[in-house]
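Hello,

Here is the structure I promised to pass on. Please open it alongside these notes.

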Amino acid sequence: MTNAYRLGVDIGGTFTDGVLIDEATGATFIDKVLTTPADPSEGFLHVTERLADRVGLRPELLSYIIHATTVATNAVLERRGARVGMLVTQGFRDLLEIARQVRYELYNLQTEKPAPLVPRRLSLEIPERLDYQGNVVLPLDEAAIAEAVGTLRAEGVDAIAICFLHSYQNPAHEQRARGIVQRLYPEAAISVSSEIAPEIREYWRASTTVTNAYVLPLMQRYLGTVEQRLAHAGFPTDVHVVQSSGGIMSAALAKDRPVYMLESGPAAGVAAAAYLAEIAGFADAISFDMGGTTAKVGLIRDNQPAILSEFEVGSVAGSGTGLAKGSGYPILAPVMDLVEVGAGGGSIAWVDSGGFPRVGPRSAGADPGPACYSRGGTEPTVSDANLVMGRLNPGYFLGGEITLDADAAREAIDTHCARPLGLEVVAAAVGIVEIANATMVQAMRLISVQRGYDPREFVLVAFGGAGPIHANQLAHELGIPTVVVPPSPGVASALGMVVSNLRHDYRVTRIQPLAEVDVDELESVLQGFEASAAQTLATEGLTRDQTRFERYLDLRYIGQSWKLPVALHDGDLREDLGRIKARFDAQHEQRYGFHAPEEPVEVVNIALSAIGLIPRPPLKQVPEGDPSPSHALKSSRRVYFSEAVHFVDCPIYDRYALHHGNLVTGPAIIEEIDSTTVIIPGYQAEVANHGILLIRPR
């Protein structure tokens, strides 16, 4: 019997990564190509064909093709989405203009809110009104809908968002409005709030719906192009995409709800980290994904990534670490809890007007890339600094596919950083790396300490092309006892796709005091969610035995504005509700440092996550060996280590030659095609199961 394969393709800002894995043996094949920003689907097909050619794979043997991409996110960031019109309840035309009270730069009197994705003149009022319980106060004016559609059609809009007041309680008006729009303007893409985000908070719901409409035509074209390219090359076209929550869904569903995949690439990385930590024997981990453009950190507890029910897209860099909250467009959709900073390998180093060195958030990207790529880049980056410090092998980048120019890197650092700061080139390079490290350490504190967790109780799972270069130093500064570096860390996010499950999330607002909760109503809503999810998963080829349901209630103290999700265990709806209240109090204490057990709690949302379980292919084992790694020694070179405060002769090891049980003592460097692992003085790396590196103090 011929084995089947799974393919994962992750399109990042600098590289497009591919992982092909044999479902029976766990044999894994990887590839990286430069991203093609003008048409990302070209890079998608390029890496797919290269992997298929390398393995001699017949296209029909691909059981799953799973994809993560930044196309939708970039469309929002670069403001090149669709021309969108919006239908709103009469009196709420300025919903997007008013937005929130939040000012993301509190002491900046010139701060501006993000410009609405729908111009005010394309936001049209419709006479209709529901009260907060969903009862009809004013019937829907269908003639006004028809008139508004005519206006929007004349304006040449590509997509129409429908967002009426309190439609999460009663979607009837929105559904009737959609029917009229489809009849009168069938060419328009339609996004309906009661389907996309049936929750309270009018602006958040409208923002989510409009953002979905904004990227809807683009993603329909893009995913359609991917399918066409695959079909033309003879590959299956049944593509799945990664959601912001880390689960996957079919491209057919993604074409209707692209807002759910805005953070697909970063989410795939956290899913990979959770899987790899479990394989290595750890339940609690911090994921650290450092690519060419950004570094992203996430939190994993009990082998489960932390999931949020809302996030922002299009935020700007804040004055501290990370993105400024309130500067982007709020989205009501499940997302991995991530902190993202502009500190990737391609992040540009510069000197500000006050004479202080900075790194990022601007990136050299894939075109032209860092100065050492010799593709026209002249500004220094973190990768240039690592090359000058001897950490990167100029003749073995991407296995020798790209030759790095050390002289160009030195010249860029000298011109833009060293001379303006009055430093030697090496000192400036060290400073660039240390500034980037400081930014990433702060991001790790935000995802752990700020969430109420001690990072010393976690392991650090490092991946991305640049992650293993910096991970050991970051763990040392934070006191994290173990660094986990998987095989082929540069394409770990793509690996995360092929080991992820299908996932669909359901949520609806039903505000009521927990002590007075209508258990029958809650059970009815959850059973309705389960029936809908089972039907959706069945269309994706899964049986009921392959489905797991996770029930939640979003709770808050009465009078609060924000909520916390509390998982419902089997039978919880029929047991003493005090147990649910106690779990909420405990979560509130852990998250915020206090709780109020005497205060009443109310239910805000009823939620369900439906998980479609896909068998995970095994990871390939590596041969057993004694502790000595001498057989894997490639060479040595001069490498600068801040711990030694000078260059040292450093042994260079071939990761593909290492055996299970080998111990590599630092200072040392371990090279592979897609990444480089740096082991600092005082540490050593143990080669564990499946070739995973465990870096610990010696």
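Trp 562 counts as partly exposed, because its relative accessibility is 44%. Buried means under 20% relative accessible area, exposed means over 50%, and partly exposed lies in between (1.4 Å probe, protein chains only). Trp 204 counts as buried, because its relative accessibility is 8%.

Some ground rules. This is a predicted model: local features need pLDDT of at least 70, side-chain atom pairs count only at pLDDT 80 or more, and totals for chains, interfaces and linings use all residues. Residues are numbered from 1 along each chain as its sequence is written, and side-chain values use heavy atoms, with hydrogens and water left out.

The structure holds eight aromatic pairs. Rings of Phe, Tyr and Trp (its six-membered ring) pair if their centres lie within 6.5 Å; planes under 30 degrees apart count as stacked, over 60 as edge-to-face, and the rest as tilted.

Trp 204 and Trp 562 form one of these pairs. The geometry is edge-to-face, with 5.9 Å centre to centre and 70° between the planes. This pair links distant parts of the chain, 358 residues apart. Trp 204 sits in helix α7 (residues 202-232), and Trp 562 in the loop between β26 (547-557) and β27 (564-568). Helices (H or I, at least four residues) and strands (E, at least two) are DSSP runs, numbered from the N terminus.

Trp 204 also has a charge over its face: Arg 201, at 4.5 Å from the ring centre. The criterion is NZ of Lys or CZ of Arg within 6 Å of the ring centre and within 35 degrees of the ring normal. Lys 634 lies over the face of Tyr 396 at 4.0 Å from the ring centre.

Phe 15, Tyr 373 and Phe 397 form one aromatic cluster. Both Tyr 373 and Phe 397 are buried.

Now the sheet. Four strands form an open sheet in the order β29-β30-β32-β33, with mixed pairing. Two strands pair if DSSP finds at least two bridges between them. The edge strands, β29 (633-641) and β33 (675-679), each pair on one side only. β29 and β30 (residues 646-654) run antiparallel and are joined by eight bridges. Across them, Arg 637 stands opposite Cys 650 in β30.

Best wishes
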